[in-house]
Amino acid sequence: MGHFLNAHQHRILRAMDIPVWVVRGTEENSPDPCQEVPDRAIPDQQTPDRGVPDRDSTAVWNGLEKEVAGCTECPLHQARTRTVCGVGNRTAQWMIIGEAPGADEDRQGEPFVGKAGQLLNEMLRAVGLSRQQVYIANILKCRPPNNRNPNAEEVASCLGFLRQQVARVRPQLSLAVGRIGAHRLPQDGQP
């Protein structure tokens with residue numbers, strides 16, 4: 001993450017006591033990862049295709065969204081208003097992964113639109129990004145009743161969809177937001 005940030009963004013993260021990780025070079029004279037990074041923009045989010053055929057094809061994404069909308073793999077489909085697949089830049093370098101839709105997300109069919117979404121928007125703005133520059137998805141595509149924590153069956157039912165999203169977006173950085181995402185995603189090395 002550190003090599004995508006400018007000096008101002010580094011200072012903001014340090015002020016929030018958020019560690020900034022950088023990839024260290026293999027040479028002995030690699031730059032100090034704690035030194036200020038020259039002010040430069042985040043790499044262009046409209047990067048050319050990184051070798052994945054049809055990764056940003058509208059038809060491919062529409063097919064995935066249709067598959068999610070028709071899913072009946074777990075009991076959550078019975079009470080949903082709308083499925084919540086994902087939004088944002090389908091070739092983004094950053095992918096934000098939440099755990100499950102809340103009431104606002106269930107009504108609107110878009111992840112992170114309630115209070116958590118407002119906070120996410122501010123956090124992204126603090127590092128020089130907008131919602132349109134990242135891809136945002138949840139592990140679960142349907143809202144659990146009363147916003148309870150997702151159970152293992154529900155997570156297992158939706159992980160295939162999330163894996164497809166990650167494979168298509170091919171982000172350089174994935175940020176798991178929430179306890180379930182932070183604990184579940186690293187268990188198998190991928191979403």
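## The main nonpolar core

The largest nonpolar core of this predicted model has 23 residues. Such a core is a set of buried Ala, Val, Leu, Ile, Met, Phe, Trp, Tyr and Cys residues joined through side-chain atoms within 4.5 Å; buried means under 20% relative accessible area with a 1.4 Å probe, protein chains only, exposed means over 50%. Leu-64, Met-95, Ile-97, Tyr-135, Ile-139, Val-155 and Leu-162 have the most contacts inside this core. Two or more residues each come from α2 (58–69), β2, β3 and α5 (152–169), and α5 gives the most, with seven. Helices (H or I, at least four residues) and strands (E, at least two) are DSSP runs, numbered from the N terminus.

Apart from this core lies another, of 10 residues, including Trp-94, Leu-120, Leu-124 and Ile-136. In soluble globular proteins, nonpolar side chains tend to be buried together.

Let's turn to α4. Its buried residues are Gly-117, Leu-120 and Leu-124. Seen down the helix axis, they fall within an arc of 55 degrees, so they line one face of α4; the arc is taken from the directions from the axis to the C-beta atoms. These buried residues pack against β2 (94–98) and β3 (135–138), where contact means heavy atoms within 4.5 Å. On the face turned away from the buried side sit the exposed residues Lys-115, Gln-118, Leu-119 and Arg-125.

Just after α4, Gly-128 takes a positive phi of about 80 degrees.

The structure holds one cavity of 30 Å³ or more, and the largest cavity has a volume of about 70 Å³. On a 1 Å grid over the protein atoms alone, a cavity is a set of points where a 1.4 Å probe fits but cannot get out, and a pocket is an open set with protein on both sides within 12 Å along at least five of seven lines; lining residues have an atom within 4 Å of a point. Among the residues lining the largest cavity are Cys-71, Cys-74, Cys-142 and Cys-158. Helix α5 gives the most to this lining, with three residues.

The second largest pocket holds about 310 Å³ of space. Of its 20 lining residues, Glu-99, Ala-100, Pro-101, Gly-102 and Ala-116 are the closest to its centre. Both α3 (103–108) and α4 supply at least two residues of this lining.

## How to read the values

Residues are numbered from 1 along each chain as its sequence is written, and side-chain values use heavy atoms, leaving out hydrogens and water. In this predicted model, local features need pLDDT of at least 70 and side-chain atom pairs count only at pLDDT 80 or more, while totals for chains, interfaces and linings use all residues.

How values were computed:
Points joined across faces, edges and corners; volume = space filled by probe spheres on them.
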